[in-house]
Every structure is written in C-alpha cells, then in structure tokens.
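This report goes through one protein model for a reader who has not seen it before.

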Amino acid sequence: LFRPALLSSRHKETVDQVIAAMIRPLFDDVDTEVRVDMVELIFKMESLMMAMFVGIELPDDPADAVEDIRERMRHINDMASLVWSKNDPMEDAWRVRHQLVDFAETYLLPAIRRARDRDPSQSATSVIETMVDGFESGTMDGELVAREAWMYMAGGVQTSTYTILDTLPHLLGWLEEHPEDREKALDPTSDFLVRVISESVRLDVPNPAIFRIAIRSGTTPAGREYEEGDQFALYTGVANRDPEFFGDDATEFNPYREMREGVPRWGFAFGHGPHACIGRALALGRVSEGSEPEFEGSTVSIIRALVACGMQYDPTDMPQYREDTFKAAFKSFTVRLTHYGLE
Ligand code: HEM
C-alpha cells in the first residue's frame, strides 16, 4: 500500500482532486477575496483524502459526501484522543462507540464486501483491500478490518489537520519577515515547505505525549529501571526542544536550522522505532535530506495551495483555541484568501 509508485500516482491524484474540489467552490460566486475557517476546511480535506486512502467508496463528486464524513470524523478522532478529553469520560466513551458502529455499517461494511467480491487478480490499492486480502480467520477477529480502517482515519486526519493548522502561524510570520521565501513556498521543486512543516511539527507535536506500558521489567538504554506494568509518558514535544540536539535556539522556528547528523528535522513528532508513523510519507512526502521529494505529501500540497490563493490572517477574527481538550488545538482559524490561484 505504501509502494512509492502507488503513492506518487494514486495519492497525488487524490490530493489534487480534493484540493480543487474544496477550494474552487469557495470562489464560485465571487471574484474578490473570501474569508474561510481553516479548521473546517482542512479537516474536511484531510477527511476526504483519508476516506479515499482507506477505500471507502464516495460519490463521484467527493464534495457531496464531505458534510457527512466530516461530522462522523469528529467522533472517530475522539476515539484516538479520549485520553486528552476534558468531557465526562463515560459519556464520551459510549458516544464514540455508538458512532464507530454507525460509521462501520454505513461506510466500512459496503467497502469490505466490495473488496471481498472483487477480481482476486487486482492488487490492493486501499487499506480495506489490503486488510481483506491479508485476512486470516484463524488468527484475526472479524472486527479487525474495521478497527484498522477507524485507526487509519483517526491516525491520518487528526494529525495532518493539526500539523497544517499549527504550521500556518509559523509560515505566515516567517513570510512576513522573509517575503523573498514566498516564491520558494510556491515552487514544487523547492523543499522549503517540507522544512517549514517539519520545523513546525517539531515545535508543536499534534500529541503532547506518546504512551507505553511495559510488558516486562527492564532497563532503558539511558539506565532507568522499570517494572512490568509501569506506564511511560514520552513527552516528545519536550524532547524536540532539547538544545543538545536542536541547538541553543531550539525553541525558535527556523526552517533553515542546521541539523545534527541522524536527527530528523521533525524530531520525535512521527514517533520512533517499530511503531514509528507509517503515514509520514503521505503527510510530508518522501524526503531525504538534500534531494527533491519523490512525491509531495498532503500537508505540503494543501499549504502550497493556500499560499497560491494569497492566504493572510483576518485581523477582525484572529485564531482561537479549543477549551475542551488538554491538547493545544485550534477552535477557529479564519484567513482571507485573496484569489483563486490554482489554475
Ligand atoms: C503530520 C501528520 C502525522 C503525524 C504528526 C503523525 C504522528 C504519529 C506518531 C507520533 C506515531 C507513533 C505513535 C506511537 O508510537 O504510539 C504515529 C503512528 C501511526 N501513524 Fe501517524 N502521523 C501523521 C500522519 C499519519 C497519516 C497520514 C497516517 C495514515 C496513513 C498515519 C497513520 C499512522 C499509523 C497507522 C500509526 C501506527 C503505526 C504502528 O503502530 O505501527 N499517520 N503517527
């Protein structure tokens, strides 16, 4: 599923299609600037992209499905973030459980049936087809395909949405001080936006911590002893600001930061080790230092499209943070788009 050839063709088509389908209509009735809430727009775009990647069949015009998918994604995202919620945990848990079942019945089961009925010589091009092809009834339970589909939706939409939203203030601030970099932001052969997003996600990790529970007692590589059952909270956002690895200006935003060998620009934002993010390439593109990306990630394409449309803050409606979560998450982020710049 993550073969570079498949990602660079199919994923690119998906990303381009969704960007056009969601941004073009904003300008349909107007030829002047529009005010748009990025929290809504980005969330809808990422939800549609991940629905396609997961393999849910959508109407020919994806914009038709977006309102329904968007509403359901809110609950699916909450599934992966219950630990950070400030709401009543029991109410939250059962609301989410109910919504997951409803989503599975409406969207996942039809896609699972279609994947099972398709010509077996067709190779898998979605999460659901991949899971159905690899399904073994002796070792896997019947809910597994749905769980993976929920997990991919939650894993891909929420993180990418937060990453884009968190990047916008850094980027807008940087371009104001360095207007000469605007051209690089518009140039698909420049790695400027990959640097901007990597630096932003290092400073503002979408999840404040990664949790682990020790399945046996042992000692960490740094010498800390732990017992079976101990719970770890890995504060990746704190580690990502460690001056030893990112320099004395580690807390500042600098897309041209000199990196120490072996330290990725995004720090621990995509995790580390065997469970490191499988979707990093989808979000950020396939990047190796000093070379052009083999293909562009969704966060890069979306941000480039917004810059092309002349994105600026709306001084009458500055961004607001949510209060119902311990995460730093935007409630609203209104920008002005001055023109349709994608043709
Ligand atoms: C900028 C966007 C993203 C960020 C910051 C991010 C971050 C992370 C992090 C920190 C982990 C490790 C979690 C842990 O160790 O417990 C992870 C795992 C994962 N991510 Fe992402 N992610 C992003 C985008 C995506 C996308 C687009 C997908 C969809 C393909 C995705 C799917 C997953 C999956 C399935 C895992 C679990 C991997 C495993 O446990 O083996 N992520 N992600």
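How much space lies in the second largest pocket? The model is a predicted one, and in it the second largest pocket holds about 520 Å³ of space.

**Pocket and cavity**

The lining of this second largest pocket is made up of 24 residues, and those nearest its centre are Arg74, Asp78, Gln158, Tyr162 and Arg322. Several elements contribute at least two lining residues each: α2 (38-54), α3 (66-81), α4 (89-117), α6 (144-177) and β8 (330-332). The largest share belongs to α3, with five residues. Sorted by class, the lining has 10 charged, seven polar and seven nonpolar residues.

The structure also has one cavity of 30 Å³ or more. About 70 Å³ of space lies in this largest cavity. Its lining consists of Leu1, Leu6, Leu7, Arg10, His11, Thr14, Phe53 and Thr125. Helix α1 (residues 4-23) gives the largest share of that lining, five residues. By class, the residues around the largest cavity are four nonpolar, three polar and one charged.

**Aromatic rings**

Across the whole structure there are 11 aromatic pairs. One of them joins tryptophan 174 and tyrosine 256; the angle between their planes is 55 degrees, so this pair counts as tilted. Tryptophan 174 belongs to helix α6, while tyrosine 256 sits in the loop between α10 and α11, so the pair ties together parts that are 82 residues apart in sequence. Tryptophan 174 is buried, at 12% relative accessibility, whereas tyrosine 256 is partly exposed, with a relative accessible area of 33%. Another pair, phenylalanine 330 with phenylalanine 333, is edge-to-face. Phenylalanine 330 is buried at a relative accessible area of 7%, and phenylalanine 333 is buried at 0%.

The two pairs are set out here.

| Pair | Centre to centre | Angle between planes | Class |
|---|---|---|---|
| Tryptophan 174 and tyrosine 256 | 6.0 Å | 55 degrees | tilted |
| Phenylalanine 330 and phenylalanine 333 | 5.1 Å | 75 degrees | edge-to-face |

Ring pairs also link Trp174 and Tyr256 with Phe192 and Phe253 in a cluster.

Which arginine has its charged end over the ring of tyrosine 340? That residue is arginine 24, at 4.2 Å from the ring centre. In a further contact with a ring, arginine 202 lies over the face of phenylalanine 246, and the distance to the ring centre is 4.9 Å.

**Iron site**

Which protein residue provides a donor to the iron atom of the ligand? The single donor from the protein is the SG atom of Cys277, 2.3 Å away from the iron. Cysteine 277 is found in the loop between α10 (243-246) and α11 (280-284). Tyrosine 256, described above as a partner of tryptophan 174, is also placed in the loop between α10 and α11.

**Helix α12**

Why is helix α12 (residues 298-308) described as largely enclosed by the rest of the structure? A residue is called buried when its relative accessible area is under 20%, and 11 of the 11 residues of α12 are buried, so the helix is largely enclosed. Among the buried residues of α12 are Ser298, Val300, Ile303, Arg304, Leu306 and Ala308. Glycine 310 follows α12, and its phi is positive, near 75 degrees.

Methods
Residues numbered from 1 in each chain as written. Predicted model: local features only at pLDDT ≥ 70, side-chain atom pairs only at ≥ 80, totals over all residues. Heavy atoms only, no water. Donors = N, O, S within 2.8 Å, 3.2 Å for Na, K, Ca; no water. Helix = DSSP H or I, 4+ residues; strand = E, 2+ residues; numbered from the N terminus. 1 Å grid on protein atoms, 1.4 Å probe; cavity = no way out; pocket = protein on both sides within 12 Å on 5 of 7 lines; lining within 4 Å. Points joined across faces, edges and corners; volume = space filled by probe spheres on them. Nonpolar A, V, L, I, M, F, W, Y, C, P; charged D, E, K, R; others polar. Phe/Tyr/Trp six-rings, centres within 6.5 Å; stacked < 30°, edge-to-face > 60°. Buried < 20%, exposed > 50% of the residue type's maximum accessible area, 1.4 Å probe, protein only. Lys NZ or Arg CZ within 6 Å of the ring centre and 35° of its normal.
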